[in-house]
Each structure stands twice: as C-alpha cells, then as structure tokens.
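Please look at the sequence and the structure before reading on.

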Amino acid sequence: MITSIVLIKTAVDRVPEVAERIAALEGVSEVYSVTGPHDLIALVRVRQHEDLAEVIPARISKIPGVTSTETHIAFRTYSQHDLEAAFAIGLDS
C-alpha cells in the first residue's frame, strides 16, 4: 500500500464542501481541516504509484474550490497503533 499526504489549499469560503468531496473519493482515507498555510490535509492510500495520478491530479485537483496541492509520498509508516498491536501478539487478555 502506498500512502501519500496531500497538502491542499482551497478557496476560503469552500473549505467544508471541498473537504467533503475529497473525503468521498476512492483512495482517500481521511481529510483534515487544519491551521497554517494549507487548508486541508488528505491521506491517500493506493496500491500502485500510477494510482496516485488518478486520485490526486485527476480528481482532487479538479474539485471546484481546490486552488493548489502539494503531495508527499511516505517511505515508511510509524504508528503507535501498529506498535501496540505488535507487542500484543501472543498476550492473553
């Protein structure tokens, strides 16, 4: 699974609508409304690198109200949830 973090700038008056449309796209697992220079952060999870092109420039970038995107591809995932699950293997509850 390939995970990318997409930083999104939107028209200020369209943030909620844009976030809902992005969240409804296949391949988008989560969308966060955030403070700072970007308005939204979307987590995109796909099986192949080629699929990123279908989700990000072909769909997210074309949603009315999206003014720009910046994509970061994750090399490795570190998660407290993953660590807890790994340490729980074999433990009786």
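## The nonpolar core

The largest nonpolar core holds 19 residues, and those with the most contacts inside it are Ile8, Ile22, Val28, Val44 and Ile60. Strand E1 (2–10), helix H1 (15–23), strand E3 and helix H2 (49–55) are the elements that each give two or more residues to this core. The model described here is predicted.

Not counting residues up to four places away in sequence, Val44 touches Ile2, Thr3, Ser4, Val6, Gly27, Val28, Leu52, Val55, Ile56 and Ile60.

## The chain as a whole

The chain has 3 helices and 4 strands. Read along the sequence, they follow the pattern β-α-β-β-α-β-α. The chain has 93 residues, and 29% of them count as buried. Its accessible surface comes to about 6,500 Å², and carbon and sulfur atoms account for 55% of that surface.

Contacts can also be sorted by separation in sequence. Among contacts between residues at least 6 apart in sequence, 66% join residues at least 24 apart.

## Salt bridges

How many salt bridges does a search of the whole structure find? The search finds 2.

| Pair | Distance, N to O | Relative accessibility |
|---|---|---|
| Arg45 and Glu30 | 3.4 Å | Arg45 34%, Glu30 28% |
| Glu54 and Arg59 | 3.3 Å | Glu54 41%, Arg59 30% |

Arg45 counts as partly exposed because its relative accessibility is 34%, a value between the limits of 20% and 50%. Glu30, at 28%, is partly exposed as well. In the other pair, Glu54 is partly exposed, and so is Arg59.

## A residue in a loop

Where does His38 lie? His38 is in the loop between strand E2 (28–33) and strand E3 (40–46). Is His38 buried or exposed? His38 is buried, because its relative accessible area is 15% and buried means under 20%. Not counting residues up to four places away in sequence, His38 touches Leu7, Ile8, Lys9 and Glu70.

Methods: Residues numbered from 1 in each chain as written. Predicted model: local features only at pLDDT ≥ 70, side-chain atom pairs only at ≥ 80, totals over all residues. Heavy atoms only, no water. Buried < 20%, exposed > 50% of the residue type's maximum accessible area, 1.4 Å probe, protein only. Contact = heavy atoms within 4.5 Å. Salt bridge = Lys/Arg side-chain N within 4 Å of Asp/Glu carboxyl O. Core = buried A, V, L, I, M, F, W, Y, C linked by side-chain atoms within 4.5 Å. Areas by Shrake-Rupley, 256 points an atom, 1.4 Å probe, with all protein chains shown as cover.
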